[in-house]
Structures are given as C-alpha cells and as structure tokens.
Amino acid sequence: MKVIDKIRENNKSCSDRVVFSFEFFPPKTEDGVDNLFERMDRMVSHSPSFCDITWGAGGSTAELTLEIANKMQNMICVETMMHLTCTNMPVEKIDHALQTIKSNGIQNVLALRGDPPHGQDKFVQIQGGFACALDLVKHIRSAYGDYFGITVAGYPEAHPDAIGPDGLATLESYQNDLLYLKKKVDAGADLIVTQLFYDTDIFLKFVNDCRQIGITCPIVPGIMPINNYKGFLRMTGFCKTKIPAEVTAALEPIKDNEEAVKAYGIHLGTEMCKKILAHGIKTVHLYTLNMEKSALAILMNLGLIEESKISRSLPWRRPTNVFRVKEDVRPIFWANRPRATYRGR
C-alpha cells in the first residue's frame, strides 16, 4: 500500500489519531544487519505507518539496501519505503532498483539527489544519470505511472547547499528552495518528509510557507532524537542545522554524561512533537539511527504507544506486499519460531 494513502486515510478520519514512522540505515556488518532486524521487529510491533531504509552514499550499499527493503516488506511485514539517490546512479541502475522493489511488492520510494560521493565537495551529475531529485521524480512517474508513492525531502531551513557560512540561507535562496520543492510535488511527488531540525518555529513557518505557494500534500516532520553529544554536533554540522540557544545551554553542562544527554534528547524530542501535534499535524517521522530506546520513549511520552499493549491480532503480521495483501495463510519461517520449552518430538 502507498504510504500517502495511509496518511490521507488517517487525516480524513474524525479522530485525533497520530501516525508515526521510523527510519533505519544499512549496517556495515552481517552481525549489524542481524541486530537491526531484531530491533526492527520489536519496533514494528508498535504498528508504525511505515519504515524506511536509506540508500548508501553513492550507491555504496545498493544491493544491501534492496535486500533489507525486501525483508522489511515481506518478513518483518511493515510498509516499506526505500530511499533512492542520483549519486553515481545511471538510469539503468535506477531502473534495476525500482524494478527489484516493484517485484518485491514495495510501492514507496523516497527520491533524493543524494550527497556528493566520498571525497568530493560537490554533487556531480554522472553520464547517463540525473542531476537532481526533480529529474528522478519525473523519471519514476514517466516510467512507472502511478504504481509508486513518491516522497521527497523538504528543508525547513533551506537545502544545506543554499545555507551560507553564517549558518543562514538568504531570503532569495530560501524562496528558490521552496519553489524547487513545489516543482518536485508538481512533477508527481505526493508526500514530503523534512530534514531534521531542532527549532519547531522554523518547521511550522516552513509548513505555512509551503501552503502559501500552493503545496498541498502532507508534510511530515523528521525528528532526530539526540543520543550522543558528539554525534549530535557532527550531524547538525553536516546538515547545517540551526541549534537553538536553549538547546546548547542545556547540553553544554552534561555533554560528557551520555545518559544525561540521552535523557535530555528524549525530553526535547517529546516537547518538539507536542508543539507540532498541537498545530494539527498528525504524522511524525523518527530518525532512529538504528537505535530504539529514545524513539520509543518519545512515542510513549506522547501516549502514542504502550509497552504493555502491543497489538498483534494474529500470530503473524499480515503481509504488506501489494501482491499478497489478501492472503490469510502465512508460511512458517522456522528460524523465527519461538523456542520450545520441551525436548524430544
């Protein structure tokens, strides 16, 4: 099922139900992949609307991303969205990825330009490839019609390339970035998920600015819990994200206490989400960095999940593969069976 359809269905309901989702990335080792699936299985028990898996820089994890996406959709049984970037990706490789996920029953793609290849400062279009996410969106719609739900990235502070040395984008750069986002939506994107941010006023202004220029599709806030001080600085530096003065003031005295930083990150994430939800937004996307505790703690603080009430009406999850959704039987994956408490036959 397309994620956009799930979100629209929820938004049309009269209830105040909030839907949430998780992002993961491909680990570097086999043990890491195994651990990710165990963690993912636990997190999916809380019924996220979807989970997405990132595409490695320059296509470096292409085959692993495709394998993980397939297992997410067909074994973990969660609606899966796969990132796809233009970096080092000629059209043939892009089509291979799209055809692979289509054959696995996946209907959701996050279309991105991608970061520059490792060791390069600027993105360079390769021969036979695309220059930007807009090109990728156009290609997916042209080649695959309405099969895929297409998500694109939104940048509340403007794209990092548009942010100057002073940490700010000029008004002209910001407005041009908004117009480019509208072009992506007009070309066929039906959902926007934002880059991380820590100033909720900036996000809320961004949503309003999008509406003012005619962007009507859902805009999902991307929330990244602070788990580690150095990692937080590294990520915000890379993305050129504004850090509010009150966040810096809270973190500076505890920066060497990892547990205290994590606890503050949960508090901050909770308060950010409360403010966003109070403005009528009914979706939250959590950048997990493949960690579960902070993301789940925020959701529990918001009353969106309860650890003691994991809903699973069947002894297995219903398939999310678009070709198998009507199945009422499920093959047994013996490797995943509960361990018996008796011996013998």
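In this predicted model, the buried residues of helix α3 are covered by elements that include α2 (30–44), β2 (50–53), β3 (80–85) and α4 (91–103). The buried residues in question are Ala62, Thr65, Leu66, Ile68, Ala69, Met72, Gln73, Asn74 and Ile76. Helix α3 itself runs over residues 62–76, and its 15 residues reach 20 Å from the first C-alpha to the last, which is close to the 21 Å expected at 1.5 Å a residue. An α-helix has 3.6 residues a turn, so residues three or four places apart point the same way. Just after α3, Cys77 takes a positive phi of about 60°.

One of the elements that cover α3 is helix α2, and Val44 has its place in that helix. With a relative accessible area of 5%, Val44 counts as buried, because the cut-off for a buried residue is under 20%. Although Val44 and Glu79 are 35 residues apart in sequence, their C-alpha atoms are 9.8 Å apart in space.

The strands of the model form an open sheet of 9 strands, in the order β7-β6-β5-β4-β3-β2-β1-β9-β8, and the pairing is parallel. At the edges stand β7 (219–220) and β8, each of which has a single partner strand, so that one side of each is left without a neighbour in the sheet. Helix α6 (residues 171–186) packs on the sheet, where it touches β5 (149–154) and β6 (191–194), and its direction makes about 175° with that of β5. Elsewhere in the sheet, strand β1 (residues 19–24) pairs with strand β9 (residues 283–287) in the parallel sense over 5 bridges, and Glu23 has Tyr287 of β9 as its bridge partner.

Strand β5 is mostly covered, with 6 of its 6 residues buried. Gly149, Thr151 and Ala153 point one way from the strand, whereas Ile150, Val152 and Gly154 point the other way, and all are buried. On the side of β4 (residues 108–112), the pairing with β5 is in the parallel sense over 4 bridges, and the bridge partner of Val109 in β5 is Ile150. The pairing of β5 with β6 is likewise parallel and runs over 4 bridges, with Ala153 standing opposite Val193 in β6.

When its neighbours within four places in sequence are left aside, Asn227 is in contact with Glu258, Val261, Lys262, Met291 and Ser294. With Ser294, the side chain of Asn227 also makes a polar contact of 2.7 Å.

The structure holds 0 disulfides. Cys210 is in no disulfide, and the nearest cysteine sulfur, that of Cys217, is 7.9 Å away; this distance is not within the 2.5 Å that a disulfide requires. Cys210 is buried, with a relative accessible area of 0%, and Cys239 is also buried, with a relative accessible area of 9%.

Methods:
Residues are numbered from 1 along each chain as its sequence is written. This is a predicted model: local features need pLDDT of at least 70, side-chain atom pairs count only at pLDDT 80 or more; totals for chains, interfaces and linings use all residues. Side-chain values use heavy atoms; hydrogens and water are left out. Helices (H or I, at least four residues) and strands (E, at least two) are DSSP runs, numbered from the N terminus. The expected span of a helix is 1.5 Å times one less than its number of residues. Buried means under 20% relative accessible area, exposed over 50%, partly exposed in between (1.4 Å probe, protein chains only). Contact means heavy atoms within 4.5 Å. A polar contact is a pair of N or O atoms within 3.5 Å; within protein, one must be able to donate a hydrogen and the other to accept it, and residues adjacent in sequence count only if both atoms are side-chain atoms. Two strands pair if DSSP finds at least two bridges between them. Axes are lines fitted to C-alpha atoms, for helices over the stretch in contact, and angles run from 0 to 180 degrees between N-to-C directions.
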